[in-house]
Amino acid sequence: MDITIKKTETLKDHPIDSGLGFGTFFTDYMFNMDYNPEKGWHNPCIEPFGPMSMSPATMVLHYGQAIFEGLKAFRTPKGNIQLFRPRDNFQRMNKSAEMLCIPQIDEAFILKALLKLVDMERSWVPSETGTSLYIRPTIIATDPYIGLRASNTYRFFMIMSPVGAYYPEGFNPVKIWVTRDYVRAVRGGVGQAKTAGNYAASLYATELAHKDGYTQVLWLDGVELKYVEEVGSMNIFFVLGDEIVTPRLNGSILSGITRDSVLTMAKSWGLKVSERRIAIDEVFDAHAKGELMEVFGSGTAAIISPVDNIKFHEKVITIGNGQVGPIASRMFKELIDIQYGKSEDKFGWTVAVNPS
Ligand SMILES: *Cc1c(COP(=O)(O)O)cnc(C)c1O
């Protein structure tokens, strides 16, 4: 399939690197592609970023048949541009697609389309420390129909947003809030898919956490309300004595690419790493015994987010006296050094965006 390119003369002004924030500015172009049962995926096109018009009956608006991904492009000190583990994102997108009855995409073709799009938008990849170009691939159900079934037609699109440094003044630890009153996903549900409804389902409890002065919700399993799952849009790690523990993938947890990078990196340092069930009571008991050394989240947006406080109903614990631990600090530094091309990419995680 050839990608049609529709150019525009009216390019936007670029925001300054220090005022980027997250997800508010968008580049000049986007990628679009359509699906119908006769033609399969067709009409791949890079065209100016702009509104999409659709029927108010469009299925995604009613039943949430939508999936997305999140990945980043980074500018290296030499001015080259590279993506971090993009193949893993498109592979995961196909897993999400399967769960939501959305047709599979050709991962290699989509990567090629993304490399072309990022190449055209090189000037939008910011250069200040900690900034990057966030990429949002999405698929939505587009049949104009309000009966309940899987849609026959779909739109795949990718938009891109220059984003600021997550920690402009150094690490900013997050405070997390645990509840037994609400759950994000259950076994047998769609927790392991990056699908729109999971995030809508997380909003209410997150607002309660905010009202209580906490940043994010740490979700417990939806069946026994006992085992730790994940935080907001991050996976979670605990350092218990000399063991690094993260919940094993059980079907209701999103399989984070940063999570996998953390596991791979920690093993390469010779640390003891376990993917297993971990009860919230075990976390609090470890803290009482002085064995809860560090807690941190992992995800594409913040890379590593140290946690300094956990509240579980009326109990509150502070981790490491509010100081960021050595494993979280080293993990953050070594991951960003690979992402920004400042150290050797010994795991083969980056993909260069070559100028055409
Ligand atoms: C995207 C996401 C993550 C993190 O995945 P990464 O691939 O590391 O960005 C974790 N949990 C949820 C619920 C997510 O949506």
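Trainee: What should I know before I start?
Mentor: The model is predicted: local features need pLDDT of at least 70, side-chain atom pairs count only at pLDDT 80 or more, and totals for chains, interfaces and linings use all residues. Residues are numbered from 1 along each chain as its sequence is written, and side-chain values use heavy atoms, with hydrogens and water left out.

Trainee: Which domains does the protein chain have?
Mentor: Domain 1 (4–164) and domain 2 (174–339). The bounds come from an automatic or database domain assignment. Their centres, taken over C-alpha atoms, are 27 Å apart.

Trainee: How many residues of domain 1 are in contact with domain 2?
Mentor: 20 residues of domain 1 are in contact with 20 residues of domain 2. Contact means heavy atoms within 4.5 Å.

Trainee: And how much area do they bury between them?
Mentor: About 1,700 Å², with 61% of it on carbon and sulfur atoms. Buried area is the accessible area (1.4 Å probe) that two parts lose on being put together, summed over both. F68, F84 and R92 supply 35% of what domain 1 buries against domain 2, more than any other three residues.

Trainee: How many salt bridges cross that interface?
Mentor: The rule finds one. It takes a side-chain nitrogen of Lys or Arg within 4 Å of a carboxyl oxygen of Asp or Glu.

Trainee: What about polar contacts there?
Mentor: 12 residue pairs, both at pLDDT 80 or more, are in polar contact between the domains. That is a pair of N or O atoms within 3.5 Å; within protein, one must be able to donate a hydrogen and the other to accept it, and residues adjacent in sequence count only if both atoms are side-chain atoms.

Trainee: How many salt bridges are in the whole structure?
Mentor: A search finds 16. R92 forms one with E69, with the closest N and O atoms 2.7 Å apart. R92 lies in helix α2 and E69 in the loop between β4 and β5, so the pair ties together parts 23 residues apart in sequence. Helices (H or I, at least four residues) and strands (E, at least two) are DSSP runs, numbered from the N terminus.

Trainee: Switching to the ligand. Which residues come nearest?
Mentor: K194, Y199, E230, T258 and T300, of the 15 residues around the ligand. Near means that a heavy atom of the residue lies within 4 Å.

Trainee: Where does R92 come in?
Mentor: One of its polar side-chain atoms lies 2.8 Å from a ligand oxygen atom. For Y199, the distance from a side-chain N or O atom to a ligand oxygen is 2.3 Å. For T258, a polar side-chain atom lies 2.6 Å from a ligand oxygen.
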